[in-house]
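Okay, thanks everyone, let me put the model up and then walk you through a few parts of it.

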Amino acid sequence: MAPSPKPSQYDLRIAFFEALIDGKIALAESILTQLEKNGLPQTRIDEYKKDIEGVRQKLPDKCIALLRAGLFKQAEEFLSAITAEPARSGLERRLQMEMRVWFMRQFNRIIQMHQQGELAAAKCFAEEFAAFKSDDPRAAKLNADLADFTFQENDSVPVQIALQRGLVSINYYQVKGALKCGVNPNLIVEHLPALQWFFFRLQPRKYLLKSPESRSMVPSSPYIHGFMKIVNALVESGANPGTVIQEGQYAGSSALSFAMDLDYYPVLEYLVRHGGDPNAASQSGITVIQKVIEKEDTLLIKYLLLKGAKIPPELLQQVYSREIQEILKNTALSQ
């Protein structure tokens, strides 16, 4: 068997930034060692070391943001990179608390779905709840009631109806159950692919995505609780963030075009990583790189530029941060 080709320097740099964005410090350091062996200039090596330290300092804040979004597995990955006490112990307690709150908030609604025959959603919840707290008698009873249930195509009909009713009816477990029953993740809903439609329907309620005190998601909102979990479920099941609408009122728009109007930056990186066009523009003509520059997230800016985001000439005059100006100028010279 022929040996697999070594990753290129470009591939390694992409992997480096994705590891940092995911909070995988040890992996990023390992990739940086490979880059150094592959001849990456020392100035760039030093720059990347600073990026690693910057992420290390922000790990607790990133972990809390993931907890608020209900992304517990990702939060655990960030937590594993935190070694300092008492920060680690405090975040471990916070993780357990947030998971408990998540399941308790969902429980009554799931029981109602179960009674109404939405068994796919109930089964998905029961499996997760049992894994989280296997000794809870309610989890055991729900699993026992659903012991003979298997995911079949006809069981997903209530979920398709819920999707078509509107956003208020969407629950993460409904979406997950639908996908496990074979619903096409690129299902057309109201003339839009499911992923685009999901972001489109969020726009009128985007004020619910942020709390007054911070730019983080509000986990108590009934409309968006589990927002990123739904996006993950759709994309991991095959929804294509790169799909561009070809005709009609929204011709030329992709999932990123709608997502940009939500001002929730982690979803932009996620969509680009999974096939979204880094040069996509919103309905008002704002590109992804312009949106991210507003937040002054240098790590995400570097990642998008590596992924091929173009720099409009006028953008250099609109940026006030010297660090970002340097990043853009250096990239513009090579484009």
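This is a predicted model: local features need pLDDT of at least 70, side-chain atom pairs count only at pLDDT 80 or more; totals for chains, interfaces and linings use all residues.

Let's start with a pair: the axes of α1 and helix α2, residues 25–37, come within 8 Å and cross at roughly 160°. Anything over 145 degrees counts as roughly antiparallel, so that's what α1 is relative to α2. The crossing of α1 past α2 is left-handed. If you want to click through the contacts, on the α1 side you have Gln9, Leu12, Arg13, Ala15, Phe16, Ala19 and Leu20. They meet Ile25, Leu27, Ala28, Ile31, Leu32, Gln34 and Leu35 of α2.

As for the overall picture, the protein has 17 helices and two strands. Of its 335 residues, 49% are buried. And if you take contacts between residues at least 6 apart in sequence, 65% of them join residues at least 24 apart.

Next, α5, which covers residues 87–115. What span should 29 residues give at 1.5 Å a residue? The answer is 42 Å, and the end C-alpha atoms of α5 are 42 Å apart, so the two agree. Still, there is a bend in α5, about 35°, at Phe107. Phe107 is also one of the buried residues of α5, along with Leu91, Leu95, Glu98, Met99, Trp102, Phe103, Gln106, Ile110 and Met113. Keep in mind that an α-helix has 3.6 residues a turn, so residues three or four places apart point the same way. Have that in your head when you look down the list I just read. What do those buried α5 residues pack against? Quite a list: α3, α4, α6, α7, α9 and α11. Then, just after α5, you get Gly117 with a positive phi of about 90°.

Now over to the other end of the sequence, and α13, residues 265–273. Seven of the nine residues there are buried, so you'll find α13 mostly covered. Those are Tyr265, Val267, Leu268, Glu269, Tyr270, Leu271 and Val272. They pack against α1, α10, α11, α12, α14 and α15, so α1, from our opening pair, turns up again here. α13 is followed by Gly275, with a positive phi near 110°.

Six of its eight residues are buried, so α14 is largely enclosed by the rest of the structure. The six are Val288, Ile289, Gln290, Lys291, Val292 and Ile293.

And what follows α14? That's Glu296, with a positive phi near 60°. Glu296 is found in the loop between α14 and α15. Is Glu296 buried or exposed? It counts as exposed, because its relative accessibility is 52% and the cut-off is over 50%.

Last stop, for contrast, is another loop residue, Ser254, which lies between α11 and α12. Ser254 has a relative accessible area of 4%, so it is buried. Leaving out residues up to four places away in sequence, Ser254 touches Gln196, Pro241, Thr243, Val244 and Ala280.

That's my tour, so over to you for questions.

Terms used. Residues are numbered from 1 along each chain as its sequence is written. Side-chain values use heavy atoms; hydrogens and water are left out. Buried means under 20% relative accessible area, exposed over 50%, partly exposed in between (1.4 Å probe, protein chains only). Helices (H or I, at least four residues) and strands (E, at least two) are DSSP runs, numbered from the N terminus. Contact means heavy atoms within 4.5 Å. The expected span of a helix is 1.5 Å times one less than its number of residues. The bend at a residue is the angle between axes fitted to the seven residues ending there and the seven starting there. Axes are lines fitted to C-alpha atoms, for helices over the stretch in contact, and angles run from 0 to 180 degrees between N-to-C directions. Angles under 35 degrees count as roughly parallel, over 145 as roughly antiparallel, 65 to 115 as roughly perpendicular and the rest as oblique. A crossing is left-handed if the near helix is turned anticlockwise from the far one by less than a right angle, and right-handed if clockwise.
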